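Hi everyone, thanks for making time for me. Please have a look at the model on the screen, and then I'll walk you through some of its side-chain contacts.

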Amino acid sequence: MSSGEKISGMSVTSRRSLLSSSSSAVLSMIALSTVVAYPDAALAGIDPSALKSLRVEGDASGVATRLKQIEAAKSGGMATDVDKPWEDLPSGVLFREYKEGRGDAVVEPGSKVGVEMTIRCKSFATANEPGGVKYFSTKDDTEFNELAFTVGSGEVPPGLEEGMMGMRRGGIRRVELPSTMVFAARNAGQLPLPSEKNKDGKRRFENLFKTDATLLFEVLVTRVK
């Protein structure tokens, strides 16, 4: 190898080393500036050494795990995803929990509750909406995307309240009411109704009672006291 080739080889190696060192330095400065400028956002009250023992599967470096734990701390322990089977109550009501809420207050008789809700006609299931097409949602049919009621007051179907018992703020459940309960709730004026502008919802609601009237309530508790 000629002296020129050796010099050229050393030059390439030097350049690579310099680029690698520069990149590491830049990343270190960014990380340091984040911690210094926003200590709460960076650590969120969590001991970083404790996070190293909490792993996410496939996260060899631990970075995804730490970010997940920091985000959970920043949210103050918000609702947690759960994977529970459907529960069949003696009354015929079924419910399944998808998120556990938080806070001391739980849905119980006398509770004042606010919810976001979608109601689906189970007998009108489609490929895109296997749980049934919706006839009502707080997003489309209420002014503030919320339905508020007092548990036990008769404002909503008793079976819905039964399926919501024990929920906390931020919790999500699906509650299924059998056809007989839905007919009774309609006769008692307890079913939320689609707004005047929701033509499809009004048509589906009318057709519901010509067949199996089983309804699926998708409920997110926004407040409870």
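I'll talk about aromatic rings and then about salt bridges.

A quick word on the ground rules. This is a predicted model, in which local features need pLDDT of at least 70 and side-chain atom pairs count only at pLDDT 80 or more, while totals for chains, interfaces and linings use all residues. Residues are numbered from 1 along each chain as its sequence is written, and side-chain values use heavy atoms, with hydrogens and water left out.

Let's begin with the rings. How many aromatic pairs does the structure hold? There are 4 of them. Rings of Phe, Tyr and Trp (its six-membered ring) pair if their centres lie within 6.5 Å; planes under 30 degrees apart count as stacked, over 60 as edge-to-face, and the rest as tilted.

One of the pairs is Phe183 with Phe209, which is edge-to-face, with 5.2 Å from centre to centre and 75° between the planes. Phe183 belongs to helix H7 (residues 179–187), and Phe209 to the loop between helix H8 (199–208) and strand E8 (215–224), so this pair ties together parts that are 26 residues apart in sequence. Helices (H or I, at least four residues) and strands (E, at least two) are DSSP runs, numbered from the N terminus.

Phe209 also pairs with Phe205: their ring centres are 5.2 Å apart and their planes at 80°, so that pair is edge-to-face too.

Phe209 is buried at 14%, and Phe205 is buried at 14%, whereas Phe183 is partly exposed at 26%.

Zooming out, Tyr135, Phe136, Phe183, Phe205 and Phe209 form one aromatic cluster.

Now for the salt bridges. A salt bridge is a side-chain nitrogen of Lys or Arg within 4 Å of a carboxyl oxygen of Asp or Glu. By this rule the count is 11.

Take Glu97 and Lys84, whose closest N and O atoms are 3.4 Å apart. Glu97 is in strand E3 (residues 94–100) and Lys84 in the loop between strand E1 (80–81) and strand E2 (87–88), 13 residues apart. Glu97 is buried at 11%, while Lys84 is partly exposed at 32%.

Glu176 and Lys122 form another salt bridge, at 2.9 Å between the closest N and O atoms. Glu176 lies in strand E7 (residues 172–177) and Lys122 in the loop between strand E4 (112–121) and strand E5 (133–137), so the pair ties together parts 54 residues apart in sequence. Glu176 is buried at 15%, and Lys122 is partly exposed at 39%.

Asp200 and Arg203 also meet in a salt bridge, 3.2 Å from N to O. Both lie in helix H8, 3 residues apart, about one turn of the helix. Finally, salt bridges that share partners join Lys84, Glu97, Glu100 and Arg173 into one network.

Methods. Buried means under 20% relative accessible area, exposed over 50%, partly exposed in between (1.4 Å probe, protein chains only).
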